[in-house]
Amino acid sequence: MTDRSADEDPASPKSDRDVVLTGGGVKRQVLGAMQSFRRSGRRAAEKGPLSPTGKGSKVTHKDEPGGSEAAAAAAPPPSPSLSAGSSATSPLKSVGGFFQKKQEDESGQKSQPLKRSKTDPNMSTSRRAAFRKSFPRSLTKGPKKDKDKFRTNVTEGPSEEKLEEKEEMEDLAEIDEMYTLPEIPNPPLSVMQISKLIEMEVLEEAHLNLLALRQEFQQELQHCGQDSPMDLVKKEKDLNLLYRDLRNKITTIVRDSNSFPCRNKGLLVLVARIIQEEEKRAEEAGGLAGSWMEAWRDAVGEGVRAKVESVHLEQREQNAAWLSVHLGLLGKAIVDDLASVKRELRWSYPPSFRVFGTYVRSYHRVVAQHLRKLEQQVTELKDLFALLDWILNRYKSERIMADVSLQPEMREESSDLQLDEHFLEQLRHKYCNRVKVDVRSFLDRVIEFENKEVWKEQKMREQDGDGDVLDSPFHMDIFTRVDGIVKNSAQIEAQLEKSVITSCLEELKLFPKRFESEFMDHCSSLRPQPQAQPQPQWTNYHITYINGFTALQQHLEGYARVCPGEMENFRKEVKWLIATLTQRLEDQFKEDVKPFLRRMMTRKWLTNGVDFDQLYDRTEALAEHCALMRPQHVQAFASHLHYHVLREYIGQLMKNNYSCKNRKHVQAAAKIRQQWENLVDVFRERKHTLSHEWMYAVGDDLCDIIGQKKKTDIKEHLEPMVKRYPDFSKKHLVAVLNFRGLLRGHERQLILHRFTELKNNNVGGAGAAYRDQSLFGDMQVSVNTNCLSCLGVLLPDS
């Protein structure tokens, strides 16, 4: 950047406006310039069109006679513009330059006063006061002592200042869109002087001289044509550097304007006029490339970004609620900043700038970028929740964008963040994946707790609070955890709630098999050995987990409405686990009582009741445990066990292990009847086996056949067996007769013949009450290998 010397401008005499950068002259030159600044400010305040005491002030209110005519007569013509046909008009906001082109004592000519702005002559007093207050701030950038002196000369005491502030608060309005450009000085100040004005934020004076310098450049460019001499190139470079400095200065002012609204209020008025004028001259030579309005918007965005980045953000290691705290502070900073824009900044701009909307859109964009950075640091579910909730709910709510302090201006603006196209979807996906991880981790801890606190310690599970069923709190722990996650997601949005339920059920679907595998690995030591008294933990644990997973399924049934497919998959896995645990209990019980059942209907059995007592005790113990099952399973489980015990007990008659002789069949029948009643009562007293009442009569019917003293009377007791049990066949009757000791003879043949007649007459056919029940159908009958018995069956009786 170069200075304009006296040689470049021969028309201007040498004066103290020429800056000499040598020795102690610099200080004297600067002091002289500052004095010139203050003189210019005082003259402008006295002579300016807005000054009530100025000579050019002819503002007349409409209610005064001839007010409109006087205003029309006083209005100056549009200022000269370098663009042909330009209709640009703008109000004069600044007065006089810091440097006077020609000293009055040297040339005898007074500088022409700046023309009054083309504004409404009926401007309110408060508006005029606001304009007056803005000028001294832009013209008094000298030492603080001088500024204080200036204020003292203008106003005596605080009363006038308070009155002006009160008027400002009562009548705030945006400045006029139209304006009149002040007269462009001729010749312009030097490059160094203009640069100094820009540096000291004397923007209007600097801009007018820039326009003058630009006008000189354009005129010289027209004279030179395509051939550009070196000094023209130099002048174009100076213009470019000065304009760049001016834009940078404006950018700084706009960027910091909301941090220091009072300081920059007057400057922003000048900034707006400069931007308007440069936008009109965008196509003229000598200007700066790029839109000034766009540069202003970028500066607003930079200021917003600085605000956002200044919000306190703690490290995760220092505060577990680091993100929630930061987002809360961020929301407050946004509201405070936009409220300040609405309350103060927007009055410094014409309506076309749409200041409030520009700041709102900048916040939408800058905050969205800030959230993208935050998302990269977020890993925990609570922080992802805080981020999603803030974006989808809080940002639009009355806490931030719908805050009452931003109304009604905010109603015309969008409240949506300018997020990347797929950002929200990625954030939802990340949230759901984190839900899966957290649920899986929680389920692992459930298994670990059961292993450490229950299986290894071999603790017995206790009954629930009502004392009805065996219970473990794990199902409620799981449901509470899952339901809390689901309810939190529902607070954010319904779409996320459905995705979270799906994620939870997908993870829960894998839990039954994992649990069963771990349970069997750690409980293998509890498995009872054959013929040994089973450890109570074995049964206790199985029934507890059958109840627990049943309860867990019931808790989660409410999610079937939202995710029916995923819930059905979970039901299948729970059903598999319950069936596995139940079948293992049944198999273990069957294996446990098998040796005792095998010794029924033998010679030892007839004289000794030890084996039956063992059978009864173990059946009774399991029946008691069945009572601690949830109602959904106790009926089926107890029925299976009861059916197995009764059927296997009767089945021992078909084994041909013993044949009663010497009237022992009477004793055997009595014993069978008594034991049968005992086995029936084991479950009947607990009201578990109502579905198997059809079996109860078979014991008495068989005992009637076995216990008859006369062989011929047996024929009369066959019909009940045929009616009640259609699957009772001839081979089963032969086995019963063999046990009774009736191996041959005419009476045997008559009994078999009578049985055949009853079968042929369809006594046990369609009218049989229990035709759909199967008791003897697949019951195996053992063939007696005794040769005499075989001969007796084959040869006819005499």
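Which residues does Ile706 touch, not counting residues up to four places away in sequence? Ile706 touches Leu653, His665, Ala669, Ile672, Val736, Phe739 and Arg740, where contact means heavy atoms within 4.5 Å.

## Basis of the model

This is a predicted model, in which local features need pLDDT of at least 70 and side-chain atom pairs count only at pLDDT 80 or more, while totals for chains, interfaces and linings use all residues. Residues are numbered from 1 along each chain as its sequence is written, and side-chain values use heavy atoms, with hydrogens and water left out.

## Overall composition

The protein has 29 helices and zero strands; helices (H or I, at least four residues) and strands (E, at least two) are DSSP runs, numbered from the N terminus. Of the 798 residues in the protein, 49% are buried, a term that stands for under 20% relative accessible area, with exposed meaning over 50% and partly exposed the range in between (1.4 Å probe, protein chains only).

Among contacts between residues at least 6 apart in sequence, 79% join residues at least 24 apart. The protein exposes about 39,000 Å², and carbon and sulfur atoms supply 50% of that area; accessible areas come from the Shrake-Rupley method with a 1.4 Å probe, and for residues only the protein chains shown count as cover.

Ile706 belongs to helix α25, which spans residues 696–707, and it counts as buried because its relative accessibility is 0%. The C-alpha atoms of Ile706 and Gly741 are separated by 8.8 Å, although these two residues are 35 residues apart along the chain. His665, Ala669 and Ile672 are among the residues that Ile706 touches.

## A positive patch on the surface

Arg603, Lys661, Lys664 and Arg744 gather in a patch of positive charge on the surface. Patches are made of residues with over 30% relative accessible area and no salt bridge, like charges being joined within 9 Å and nonpolar side chains (Val, Leu, Ile, Met, Phe, Trp, Tyr) within 5 Å.

## Salt bridges

The structure holds 44 salt bridges, each being a side-chain nitrogen of Lys or Arg within 4 Å of a carboxyl oxygen of Asp or Glu. In one of them, Asp389 pairs with Arg394, and the closest N and O atoms are 2.8 Å apart. Asp389 counts as buried because its relative accessibility is 10%, whereas Arg394 counts as partly exposed, at 33%.

Glu573 forms a salt bridge with Lys513, with the closest N and O atoms 2.6 Å apart. This pair links distant parts of the chain, as Glu573 lies in helix α20 and Lys513 in helix α18 (residues 511–522), 60 residues apart. Glu573 counts as buried at 17% relative accessibility, while Lys513, with a relative accessible area of 41%, is partly exposed. The side chains of Glu516 and Arg584 also meet in a salt bridge (2.6 Å, N to O), and this pair too links distant parts of the chain, with Glu516 in helix α18 and Arg584 in helix α20, 68 residues apart. Both Glu516 and Arg584 are buried. Elsewhere, salt bridges that share partners join Glu216, Glu220 and Lys235 into one network.

## Backbone features in loops

Most residues other than glycine have a negative phi, and most peptide bonds are trans. The peptide bond from Asn186 to Pro187 is, however, cis, with omega near 0°, and Pro187 is placed in the loop between α6 (159–170) and α7 (191–199). A cis peptide bond also joins Gln407 and Pro408, with omega about 0°, and Pro408 lies in the loop between α14 (381–394) and α15 (423–455).

Met601, a residue other than glycine, has a positive phi near 60° and lies in the loop between α20 (564–598) and α21 (603–607). Asn662, which is not a glycine either, has a positive phi of about 55° and is found in the loop between α23 (631–651) and α24. Met601 is buried, with a relative accessible area of 0%, whereas Asn662 is exposed, with a relative accessible area of 72%.

How values were computed:
Lys and Arg count as positive and Asp and Glu as negative; His and the chain ends are not counted. The place of a charge is taken as NZ of Lys, CZ of Arg, CG of Asp or CD of Glu.
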